[in-house]
Amino acid sequence: MINGHAVAARDGARLLDVLDAEGAGVPHLCHDARTAPSSSCRLCEVEIAGRDRPCCACATAVLEGMVVETHTAALEEFRRTMLGLLAARYPREAVLGFPDKEFHRWLRSYGLLDAAKGTPCPDAIDAAHPYVHVDMNRCIRCFRCVRICEELQGQFSWKLWGRGDATQVVPDSGTTLLASSCVSCGACVDSCPTGALEDVSLLDGTTAERWVRTTCPYCGTGCEMNVGVRDDRIVDVRPVLDAPVSKGHLCAKGRYGTGFVDASDRVLRPLVRRGDGWIEASWDDALDEAARSLARVRTRDGPGAIGVLGSARATNEEAYLTQKLARLALGTNHVDCCARVCHAPSAAGLDAVFGTGAATNSFDDIERAALLLVVGANTTESHPIVGARIRQRALAGVPLVVIDPRRTELARIAAIHLAPRPGTNLPLLLAMAQVLVAEGRVDRAFIDRRTDGYDAFAATLHEWTPERAAAICRVDAEAIRGAARCYGDARPAMCLHGLGVTEQVQGTDGVIALCNLALLTGNVGVPGGGVNPLRGQNNVQGCATMGCEPSRLTGWQDLEAARASHEREWGGAVPAERGWTLPEMIDAADAGRLKALLVVGYDILLTLPNAEVTARALGRLDALVVLDLFFTETARAAGTVLLPVGSSFEKDGTFMNSERRIQRVRRALRPRGECKTDAEVLCLLAERLGYGDRFRYRDAAEVWDEVRRLWPAAAGITYSRLDAGGLQVPCPTEDHPGTAILHATSFPVGPRARFHALDFRPSDERPSPDFPMILITGRQLYHFNAETMTGRTRNRTLRGDHHVRLHPADAERLGVGEGDWIRVRSRHGSFDGRATLTDEVHPGELFASFHDVAALVNRVTGVGRDPTTGTPEYKVTAVRVERLRRLGA
């Protein structure tokens with residue numbers, strides 16, 4: 001009973017939530033649903049029959065028969081007194097200038113606006129951070145910022161200083177927020193009820209006039225965001241509190257990295273190359289030029305002389321249209337995407353063992369796992385929201401095993417950290433399997449029931465003792481045993497892996513080795529288990545799944561197996577010739593066999609290895625048609641037509657995240673300038689190539705319905721269902737709930753999965769007297785891939801110059817100091833950057849991210865490729881370091 005009215009509620013629900021749902025809300029200032037109740041403000045106290053004193057609704061669970069009074073005279077007088085005390089030293093101008101703040105609304109509700117009489121102190125203001133403005137004149141000591149930083153992000157950047165009434169909230173730097181350990185996720189700003197912490201973009205009082213729920217355009221986590229829009233501009237971004245993946249959280253890129261949408265160098269009209277320069281053109285002229293150049297090559301040299309690259313930043317619908325255009329209108333299977341250079345080995349390895357090239361489990365299994373094994377993934381930087389969830393589990397005592405050459409943030413808090421020499425993952429994983437088998441730490445019941453080939457596989461492991469592996473990968477044999485025992489004894493154990501596994505010459509074998517470990521221990525098809533790749537881009541899982549892959553059609557279906565269904569749906573032939581992968585296309589262009597390339601949203605010159613060869617190959621093309629938001633390095637070097645397209649905030653569609661979850665992307669803004677969506681451009685090109693009648697769609701939903709007809713596993717996922725929330729494939733019927741865990745009872749390859757024997761083949765990129773060190777490349781927190789988007793935001797203030805991380809012992813040997821300019825040189829090229837000295841890397845090893853255009857790190861990466869997928873060896877390059885000049889020189 002609430003205030004005399006009978007209310008039905010879930011047993012154990014938080015009373016505060018029930019009151020809010022029933023319209024009987026009470027004031028509260030210290031509570032955030034994403035953190036544990038603290039009950040420090042006491043404003044949500046209510047009277048409950050049979051209890052001696054009022055209870056805080058935020059910390060009280062409802063019970064059958066509970067009788068609650070929320071607004072008695074005594075309670076209201078108490079609230080008025082408490083609010084008045086908080087207001088006494090609070091600046092009145094803040095209340096008047098920002099009336100919608102939570103605290104300000106309650107002051108107004110209780111008639112206490114005049115109680116705010118505080119005098120602002122200039123020293124309490126910190127304006128150093130590019131995104132977060134700090135004004136501790138407005139702090140009411142609710143400590144929500146402290147708790148959400150600890151309990152959601154796990155960063156501990158805010159500290160309490162002093163005691164009693166003198167307690168202050170300060171950054172852990174003791175100076176500014178910018179100088180602190182803050183990772184700019186914005187959770188504290190989102191939680192602050194007063195504006196003591198506020199987004200810089202809102203300081204002028206700007207508020208959103210409408211909100212659009214959509215999906216983040218950055219990594220493959222699939223966080224959902226509410227985008228606040230005013231005057232057709234993004235003015236605010238907030239996390240979706242009930243999002244199944246991000247659970248009310250965003251990272252610095254998702255929350256603040258939207259400035260690229262209105263960047264000053266955004267391409268707003270089509271461009272056509274004339275001689276050594278570019279001219280603006282009408283859409284008709286530019287499309288005619290693009291189509292003519294592709295058709296000319298198709299007629300003169302055959303469809304096999306044309307390649308098409310899809311975009312992992314485009315929607316599923318646009319990726320589907322990309323491969324349809326390639327195969328139907330251009331007649332080629334030479335269609336690929338950036339999955340080729342990142343997680344193609346994950347898809348190949350998982351498919352080889354389990355029959356599905358996708359994650360076996362869901363992110364929610366992080367909280368169900370009894371152990372977490374993170375291999376080759378710096379999740380707190382590359383997938384920050386997943387990283388935060390893993391960190392919280394580790395801090396709660398769940399064993400965390402990290403395998404990574406670098407001492408990453410997760411490695412520092414791991415129960416066990418194994419740091420193999422770059423390129424030696426496989427010996428380590430084989431030795432772990434050997435320990436499991438030799439010591440009987442396997443699940444024989446699972447092996448007998450659900451696997452084949454165990455005895456033969458076990459026999460191949462006899463020689464892979466930890467001692468043998470230790471000599472190769474420089475990890476102590478007992479440490480390998482310890483990690484294997486930890487993984488083997490935990491039930492369930494969840495494996496998450498990243499590009500540190502896949503971007504190797506044995507990337508596919510590395511993934512298969514992880515699958516073997518899961519099969520040995522029965523960690524397949526169970527909650528809290530599995531083998532789960534952390535996909536790099538927002539829709540890289542979807543782009544490849546939609547058929548931007550030379551041997552696969554829609555839904556990752558085998559080309560030959562799905563040929564007939566696609567030819568019926570499309571009303572035309574699907575090519576029979578074997579398609580080229582992206583690296584093979586570059587090889588063919590360099591050899592003069594590929595004459596034309598259509599590139600959708602992908603800066604291959606900046607991101608492919610051995611950039612000098614890539615540039616030479618692109619320069620030999622007759623036609624290079626680029627669809628992008630910006631004048632990319634690819635377009636600049638060799639483009640012939642540049643067609644400007646919209647960002648994800650300017651279109652409708654869907655993305656597919658790492659856990660196979662398909663989620664809606666919703667248009668929040670009008671397309672900028674004369675930009676069109678990728679889908680519109682692809683359909684207009686198809687029309688000019690003579691296939692317009694097969695590319696006529698009213699909207700993105702109609703394209704998706706065509707995908708559903710071709711992909712039985714997604715037939716049950718409709719736009720109307722997605723409006724209620726994302727769904728995980730397989731979802732074959734419209735009453736199916738989606739599949740959170742694959743392979744619970746069987747595998748697509750049959751009732752049993754087969755163990756795969758493996759052997760180690762060392763990389764050719766080994767240290768030598770001329771190149772004595774090893775370079776590892778990857779991503780960093782504040783910039784995304786090639787910086788196409790984040791480089792046009794204030795994230796550059798958070799991380800500006802390109803930094804190369806090297807060990808202090810190497811720096812001393814080389815005479816290099818912190819911040820000095822150095823040159824990193826390999827057999828293939830060189831790049832320059834500033835030195836950052838850190839024990840994160842092992843002596844003899846370097847780390848550099850590849851985001852910076854000026855540095856162009858991929859000038860040094862080499863030619864090594866995984867033989868199964870062609871994925872480049874970004875993680876192992878032999879280099880030397882040369883000091884250029886001192887900091888400030």
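How many helices and strands does the chain have? In this predicted model, the chain has 31 helices and 36 strands. The radius of gyration of the chain is 28 Å, close to the 29 Å given by the globule rule for 889 residues, and the chain is therefore as compact as a globular protein of that length. Along the principal axes, the C-alpha atoms fill a box of roughly 85 × 70 × 65 Å. Of the 889 residues, 63% count as buried. Among contacts in the chain with a separation of 6 or more, 72% are accounted for by residues 24 or more positions apart.

An open sheet of 3 strands, paired in the antiparallel sense, has the order β2-β1-β3. Its edge strands are β2 (55–56) and β3 (68–69), each of which pairs on one side only. The antiparallel pairing of strand β1 (residues 45–48) with β3 extends over 2 bridges, and V68 in β3 is the bridge partner of I48. Helix α2 (residues 73–87) packs on this sheet, where it touches β1 and β3. The direction of α2 makes about 165° with that of β1.

Strand β5 (residues 132–135) has two strand partners described here. Strand β4 (residues 125–126) pairs with β5 in the antiparallel sense over 2 bridges, and β4 and β5 form a hairpin with 5 residues between them. Within this pairing, the bridge partner of D126 is V134 of β5. Strand β8 (residues 197–199) also runs antiparallel to β5, and 3 bridges join these strands.

A contact between helices involves α5 (residues 144–153) and α12 (residues 384–395), whose axes come within 8 Å and cross at roughly 90°. The contact is made by E150, E151, L152 and Q153 of α5 together with A388, R391 and Q392 of α12. By residue class, the contact divides into 2 nonpolar, 2 polar and 3 charged residues.

Burial is also seen in a loop. T408 is placed in the loop between β17 (400–403) and α13 (409–413). The relative accessibility of T408 is 3%, below the 20% limit, so T408 counts as buried. When residues up to four places away in sequence are not counted, T408 touches N378 and V402.

Helix α23 (residues 582–590) has 7 of its 9 residues buried and is therefore largely enclosed by the rest of the structure. The buried residues of α23 are L582, P583, M585, I586, A588, A589 and D590. Their covering includes the strands β14 (306–309), β15 (335–336) and β24 (596–600). It also includes the helices α24 (604–607) and α25 (611–619). G592, which follows α23, has a positive phi near 85°.

Key
Residues are numbered from 1 along each chain as its sequence is written. This is a predicted model: local features need pLDDT of at least 70, side-chain atom pairs count only at pLDDT 80 or more; totals for chains, interfaces and linings use all residues. Side-chain values use heavy atoms; hydrogens and water are left out. Axes are lines fitted to C-alpha atoms, for helices over the stretch in contact, and angles run from 0 to 180 degrees between N-to-C directions. Helices (H or I, at least four residues) and strands (E, at least two) are DSSP runs, numbered from the N terminus. Contact means heavy atoms within 4.5 Å. Ala, Val, Leu, Ile, Met, Phe, Trp, Tyr, Cys and Pro count as nonpolar, Asp, Glu, Lys and Arg as charged, and the others, Gly among them, as polar. Buried means under 20% relative accessible area, exposed over 50%, partly exposed in between (1.4 Å probe, protein chains only). Two strands pair if DSSP finds at least two bridges between them. The radius of gyration is taken over C-alpha atoms; the globule rule is 2.2 Å times the number of residues to the power 0.38.
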